[in-house]
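Please brief me on how the parts of this structure meet. I want the contacts inside one chain and the contacts between chains.

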Amino acid sequence: MKITIDADKCCAAGQCVLIAPEVFDQRDEDGVVVVLDDAPPADQHDAVREAAAICPAAVIELHA
Amino acid sequence: MTALPLAVVGASAAGLAAAEALRRFGWTGPLTLIGDEAHLPYDRPPLSKQLLHGTWEAERLLLRSTEQLDPLGLDLRLGTRATGLDAATRTLTLDGGERLRCAGVIIATGVAARTLPGAADIDGVLTLRTLDDALALRARMTGGGRRLVVVGNGVLGCEAAAVARELGHEVTLIGRDPVPMSRAVGPGVGALLAEEHRARGVRLLTGAVDGFETEPGSTDEGARLTGVRLADGSLLPADTVLLAIGSEPAVGWLRGETALDTTDGLRCDAYCAAAPGIYAAGDVARWDHPVHGAPLRFEHRMNATEQGMAAARNLLAELAAETPQSAAPDTPAQERRPFAPVPYFWSDQYGIKLQAYGLTAGADQVETTVIDPAEHRTVALYGRGGTATGVLAAGLPPRQVRALRAVIATPLPWEEARERVRAATAAG
Ligand SMILES: Cc1cc2nc3c(=O)[nH]c(=O)nc-3n(C[C@H](O)[C@H](O)[C@H](O)COP(=O)(O)OP(=O)(O)OC[C@H]3O[C@@H](n4cnc5c(N)ncnc54)[C@H](O)[C@@H]3O)c2cc1C
């Protein structure tokens, strides 16, 4: 799994960080998403899928 | 045996989330997504922000690309309106007259903008709910020097006023409540917003609209707006009016089905079920929140996605219990779960981002603390009956915002919550 993001669309809701804190973080200054690990291990995949689905600004894209 | 489809009505945030979740949670049968707008599912929050401002074009609002939609294998019916539902047989009627018998239905038809009598016939009076609405408003806002009156000083009216002001137009924001957004966020935060709007040059008025002044329009466009008449008799000259006076749940098409309660949204139980096999999600759904007691309905973007996913999950669990073998052979049968989110919404005005968790409306106790006025750093705590129910943050770092969310994720006595808010926002 490979994660790409469209950070410009991020609305800083922070839901991804609540769901997958090992993979996502937020910038201190404006809360915009930061990817900590863009090729996360398999045990993170479910959480990352959930984070991508729940993102209210459709920022997170997953590739096989 | 040909399997009956699952159908999702409403192809926007909640409907898309539901359809995706049905697939993710194992539904391999036919899946129909019905939406009356002609567009692929798109996002609404940017309509009153980046799109209106002109920084984003419409394509940027698409929630999914066609490449992302394709693998879902949807029977996607855009430009199609559902006109009726027979709950007992789970049968939808579509606007072409087609009847679609389903194994289950998720209703995600959202809300429609409220308007005023006669407004539709006047050139220059607009609402803002859909992409088409936003493009029409934006078209009027290109080129400077418009005189815009925004009627309604709730979240939507405030956001649109801010953008119009940034674009250089003359903007009057008029509302029944003397303080903007006070119903959503209380008078303290509302007063801070009022100050910012005033500082930016928005004229704030308290009052109600009585009607519109017009002159004969050119050709077939009908009457053209020249001003807004207020209940106190005064007249505001205007060439554009945005009505931001709230919305009505899109339940008109369900009114013929007496098994459903459609008073202010579609009434659901704690599982988001309105009837056996019939679920609802998003702005249209009024459900029993297990923590907050009273039936609640939110018009918040995050709720649309979360509830779409919850409704999908619970519908599949119900179907699996109905027919233990068939529903989803590959996935272990799941239990239905009450939908108990921590409500969340945000609003962007000028450079200020408000983020609120829990219940901020209808509080009987509010404490607003301005931490740093120049940076608009603010925290507010909301409570009812001695229990803290909601919290709002502006200008705070994300770690603090997440800590504030944790404070009201489960109800706490007011004093204890206050202490925890203070600790969460202490410097460091
Ligand atoms: C301008 C604007 C700005 C916003 N900004 C924010 C914000 O900053 N933060 C925030 O938290 N929330 C915001 N919101 C709210 C957020 O967009 C909504 O909560 C969200 O769109 C709800 O999604 P939904 O899918 O439930 O309903 P909707 O988005 O309303 O979608 C319902 C869809 O169903 C269709 N439909 C209706 N009836 C039928 C029928 N009979 N048959 C077929 N289709 C039908 C509708 O046309 C629509 O496409 C904003 C909303 C607007 C309009």
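What follows covers two interfaces in turn.

This is a predicted model, where local features need pLDDT of at least 70, side-chain atom pairs count only at pLDDT 80 or more, and totals for chains, interfaces and linings use all residues. Residues are numbered from 1 along each chain as its sequence is written, chains are lettered from A and ligands numbered from 1 in the order in which they are written, and side-chain values use heavy atoms, with hydrogens and water left out.

**Domains of chain B**

- Chain B splits into domain 1 (6-112 + 248-326), domain 2 (115-245) and domain 3 (351-424); the bounds come from an automatic or database domain assignment.
- The centres of domain 1 and domain 2 of chain B, taken over C-alpha atoms, lie 31 Å apart.

**Domain 1 against domain 2 in chain B**

- Domain 1 of chain B puts 17 residues into the contact, and domain 2 of chain B puts in 15; contact means heavy atoms within 4.5 Å.
- The two domains bury about 1,500 Å² between them, with 62% from carbon and sulfur atoms. Buried area is the accessible area (1.4 Å probe) that two parts lose on being put together, summed over both.
- On the domain 1 side, B:Ser48, B:Leu52 and B:His53 lose the most area to domain 2, together 39% of what that side buries.
- The count of salt bridges between these domains is 3; each needs a side-chain nitrogen of Lys or Arg within 4 Å of a carboxyl oxygen of Asp or Glu.
- There are 11 residue pairs in polar contact across this interface, both residues at pLDDT 80 or more. A polar contact is a pair of N or O atoms within 3.5 Å; within protein, one must be able to donate a hydrogen and the other to accept it, and residues adjacent in sequence count only if both atoms are side-chain atoms.

**Chain B against chain A**

- Here 23 residues of chain B are in contact with 23 residues of chain A.
- The chains bury about 2,000 Å² between them, 51% of it on carbon and sulfur atoms.
- The interface holds 3 salt bridges.
- B:Arg60 pairs with A:Asp8 in a salt bridge, with the closest N and O atoms 3.0 Å apart.
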